[in-house]
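Work through the exercises below with the sequence and the structure open beside you. Each task is followed by a solution in steps.

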Amino acid sequence: MSDAPTAARPQPGMAAGALARVAVLPVGLALRVLDPPMRWLQRAIGVRRMAYVFLLPNFAFFGLFVFLPIGINIVFSVTGGTALFPSERPYVGAEQFAYLFDCGSYLDPSSCREDHFWRGVANTTKFVVFQVTAMVLFSLITALVLNMKIRGRGFFRAVYFFPVLLSPVVVALIWKWILQRDGLLNAAITTLGGQKILFFVDPGWAMFWAVFVSVWAHMGFYTLILLAGLQAIPADLYEAAEMDATPRWRVLTRITLPLLWPNMIVVIVLALIKGAQTFDEVFVLTGGGPGTATLMVVQYIYETGFASQVQNFGLAAAASVVLGLVLFVLTLLQFAAARRKEI
Amino acid sequence: MRAVTPVITSLTLSLLCATVLGRPAAAETTTLRMAWYSDGNEGEVMADLLKRFHEQNKDIEVVLDQVPYKAVNENLPVQLASGQGPDIARVVDMGGLSRFALDMRPFLKDPGYWETNFGPFLEWMRPAGDTQAIPGFMTQLTVTGPFVNKTLFEQAGVAMPGGKSTWEDWAKAVKEVAGKVQAPFPLAVDRSGHRFYALAMSQGTKVFGANGEPDVVDDGFKRAAQLVYDWHKSGVMSKELWGSVSGTAYRGANDEFKNAQVVMYLSGSWQIAQFAKTVDNAFDWVAVPNPCGPGGCSSMPGGAALMAFKTTQHPKEVARVMDYLASEPVLAEFCARSLFVPGHLGLTKKGIDYPTASPEAAAALKIFTASAGQVSPLAYRTQGYVNSRIIFNAVISRLGQAVSGETTLEDAEKRITADVAQQIAERNKK
């Protein structure tokens with residue numbers, strides 16, 4: 001046994017404390033350097049105006065990376081040609097928008113001059129309807145199950161959230177590998193005596209898998225929101241229902257769903273916005289095909305602006321403005337839903 | 001702590017001094033950037049040649065940026081338009097990028113050498129109306145043509161059609177072979193406008209009207225489009241290439257061919273090195289002459305060029321690099337090691353030995369070199385036309401829709417005409 005006093009031994013807590021002190025050293029130094037000018041500024045402009053000073057860096061960042069690009073996009077949408085710099089592009093007014101909206105019937109893309117844009121709109125609408133419905137339904141069911149006292153609950157919560165952490169391109173490549181002619185799924189089908197299915201050649205199958213993969217990849221995020229909502233419902237309501245011997249179905253429809261509704265609204269609107277912006281997963285999975293069966297609006301914008309031989313930035317920018325307006329309306333809906341939730 | 005501080009300070013100062021004063025004479029070295037895509041081993045060969053160039057020219061270093069083919073087609077034009085592009089790049093859309101090209105004549109050692117050896121191909125790189133500029137040279141001349149899995153023909157007991165056979169003869173034969181050996185792709189054609197035009201040329205398309213402007217959808221074009229459409233309906237072609245993606249996306253059948261799933265694959269001479277490596281001894285493959293039609297047997301020429309760009313800050317150094325790479329012995333070595341058909345008239349006349357080529361690759365090179373000699377003037381004109389890729393892209397995008405059953409062939413043909421007119425008008429807007 002050693003006679004040395006225990007206080008002399010290095011404690012793990014002490015090491016961590018020392019490390020923390022070293023880590024915050026630069027922060028302390030920076031604060032010391034900034035203190036005098038900030039005090040001077042506060043004396044000069046007054047305490048109330050100091051809030052704007054603190055907001056300024058964020059405003060500058062937001063303006064530079066959000067508002068300026070939006071402005072440039074709007075400028076591009078009223079110009080033509082293939083030049084890159086706005087100063088070299090001829091002003092064409094609303095010509096790009098007129099070209100986009102030149103249709104015999106908006107319900108028949110083949111009657112439109114720019115039919116690919118309208119096929120993109122129709123596909124995106126179809127995708128959003130199916131994807132949001134499936135997303136909300138499966139997220140809700142998963143959240144309800146994960147909220148129950150089941151064995152391995154923590155493990156399953158992690159499992160359902162895991163795909164959210166993957167890159168959309170990785171997700172699409174994995175599923176492409178599973179679904180291709182000689183992929184895993186067709187291997188399983190042929191092993192069971194069936195015929196290979198060319199999933200990416202049939203428009204119906206291609207859209208189905210686009211929706212399926214999207215739901216698989218993002219469901220964990222929405223499940224998490226709903227799970228948080230479920231856990232916020234007071235337990236005494238369920239206890240009261242149990243004492244009254246209320247049937248489970250009635251508990252679900254009269255207690256759970258009404259109290260979860262504000263979260264559901266947030267999930268629906270967020271899924272709508274995300275669905276309308278869909279690009280990477282579907283692009284990698286199906287390439288927009290077969291034909292244009294899974295061509296989405298964002299892919300149309302990308303191809304018009306960058307992938308086509310004549311890089312038509314003006315038309316792509318006009319389509320972006322249209323999409324931006326739709327997203328703006330959806331975002332207003334989200335704000336309204338969030339406000340309603342707070343009330 | 002007090003004892004340590006002076007030590008740290010002196011160490012830091014020493015390091016700073018060493019960094020600032022001890023630097024080699026880097027300021028005298030000019031660094032150039034070359035964007036490069038590869039189909040086979042040509043990237044490795046180019047890296048080797050550039051290393052050798054640097055050993056002989058210590059004042060110039062060329063950084064080889066190996067990028068995907070897609071990046072050269074999609075990102076490079078934007079980079080160049082913004083003035084941020086590389087000094088040199090290997091490109092296929094020579095006409096489309098000609099507005100960014102550097103006329104190297106004032107900086108070249110002997111512009112006459114370039115005119116003599118690259119003359120016909122320089123037109124492909126020059127901006128419209130320019131008959132003098134020298135912006136680069138062809139790293140390879142390509143010709144479209146079919147590769148055939150000979151082993152599948154032998155296994156099926158079907159005789160391969162001969163040299164002057166028509167597309168219909170081949171379609172019938174490959175369908176029979178595929179049926180007997182259960183191959184899923186009797187005929188695969190790259191989803192590429194360039195490859196479609198190999199068929200269209202043989203069907204007698206004229207591409208241009210009497211006024212010299214594009215008149216894409218003529219009788220020859222319609223015959224070719226109908227063949228592609230019918231082959232998809234009858235199962236000669238699988239929808240997995242032309243019908244499974246949208247827009248202008250390129251789709252090849254390299255993997256399917258090397259996995260012996262394709263009986264006949266219409267691609268081109270640039271695939272030789274890759275097939276020699278990936279197929280190896282798995283099966284016997286051969287290149288065959290382009291099948292014929294009412295318009296003849298011409299295939300489509302093409303290729304990749306190494307072009308210099310006017311945004312470069314070092315035109316003299318760029319010209320020195322280009323002079324070296326375009327010189328006859330260096331280019332001969334490049335083509336021999338990469339298994340490329342040279343786009344250099346002197347080398348074409350002398351012929352190139354391909355010592356590393358396998359017997360299959362050597363035979364294929366012979367076939368493609370012979371095909372290059374039979375390319376029609378119209379095919380050369382189409383390839384050199386500044387808006388050729390607008391036509392090619394409109395064709396694959398719209399024909400793909402017809403093949404997938406989304407539109408009729410007639411609608412697709414009307415859209416092709418409209419798309420070409422609209423895109424050329426947009427490009428001409430000033």
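A residue is called buried under 20% relative accessible area, exposed over 50% and partly exposed in between (1.4 Å probe, protein chains only). This is a predicted model, in which local features need pLDDT of at least 70, side-chain atom pairs count only at pLDDT 80 or more, and totals for chains, interfaces and linings use all residues. Residues are numbered from 1 along each chain as its sequence is written, chains are lettered from A and ligands numbered from 1 in the order in which they are written, and side-chain values use heavy atoms, with hydrogens and water left out.

**Exercise 1. Locate B:Leu339, and decide whether B:Leu339 is buried or exposed.**

Step 1. Find the flanking elements; helices (H or I, at least four residues) and strands (E, at least two) are DSSP runs, numbered from the N terminus. B:Leu339 sits in the loop between α14 (328-338) and α15 (345-350) of chain B.

Step 2. Apply the cut-off. The relative accessible area of B:Leu339 is 7%, so B:Leu339 is buried.

Step 3. Check the backbone. Phi of B:Leu339 is near 60 degrees, which is a positive value in a residue other than glycine.

**Exercise 2. Describe the surroundings of B:Gln203.**

Step 1. B:Gln203 belongs to the loop between α8 (193-202) and α9 (219-234) of chain B.

Step 2. With a relative accessible area of 2%, B:Gln203 is buried.

Step 3. List the contacts (heavy atoms within 4.5 Å). Setting aside neighbours within four places in sequence, B:Gln203 touches several residues, including B:Trp167, B:Arg223, B:Leu227 and B:Pro294.

**Exercise 3. Which backbone oxygen lies 2.6 Å from a polar side-chain atom of A:Thr124?**

Step 1. Start from the helix: A:Thr124 is part of α4 (residues 115-146) of chain A.

Step 2. The backbone oxygen is that of A:Gly120.

Step 3. A:Thr124 has a relative accessible area of 7% and is therefore buried. Apart from neighbours within four places in sequence, A:Thr124 is in contact with A:Gly275, A:Ala276, A:Met296 and A:Val297.

**Exercise 4. Which residues does the cis peptide bond join?**

Step 1. The bond joins A:Gly289 and A:Pro290, with omega about 0 degrees.

Step 2. A:Pro290 is in the loop between α11 (280-286) and α12 (297-307) of chain A.

**Exercise 5. Describe how the two domains of chain B meet.**

Step 1. Domain 1 of chain B is 27-141 + 302-358, and domain 2 is 143-301 + 361-428. Their C-alpha centres lie 28 Å apart.

Step 2. Count contacts: 21 residues of domain 1 of chain B touch 21 residues of domain 2 of chain B.

Step 3. Take the buried area, meaning the accessible area (1.4 Å probe) that two parts lose on being put together, summed over both. For these domains of chain B the value is about 1,800 Å², with 61% from carbon and sulfur atoms.

Step 4. Look for salt bridges (a side-chain nitrogen of Lys or Arg within 4 Å of a carboxyl oxygen of Asp or Glu).

**Exercise 6. How many residues of chain B are in contact with chain A, and how many salt bridges are counted?**

Step 1. 38 residues of chain B are in contact with 44 residues of chain A.

Step 2. The two chains bury about 3,000 Å² between them, 45% of it on carbon and sulfur atoms. B:Ser246, B:Arg415 and B:Glu426 supply 18% of the area that chain B buries against chain A, more than any other three residues.

Step 3. Four salt bridges are counted between chain B and chain A. B:Glu240 forms a salt bridge with A:Arg181, where the closest N and O atoms are 2.4 Å apart.

Step 4. Assign the chain B side to elements. Those that give two or more residues are α3 (69-81), α10 (239-242), α18 (388-403) and α19 (409-428) of chain B. α18(B) gives the most, with seven residues.

Methods:
Domain bounds come from an automatic or database domain assignment. A polar contact is a pair of N or O atoms within 3.5 Å; within protein, one must be able to donate a hydrogen and the other to accept it, and residues adjacent in sequence count only if both atoms are side-chain atoms.
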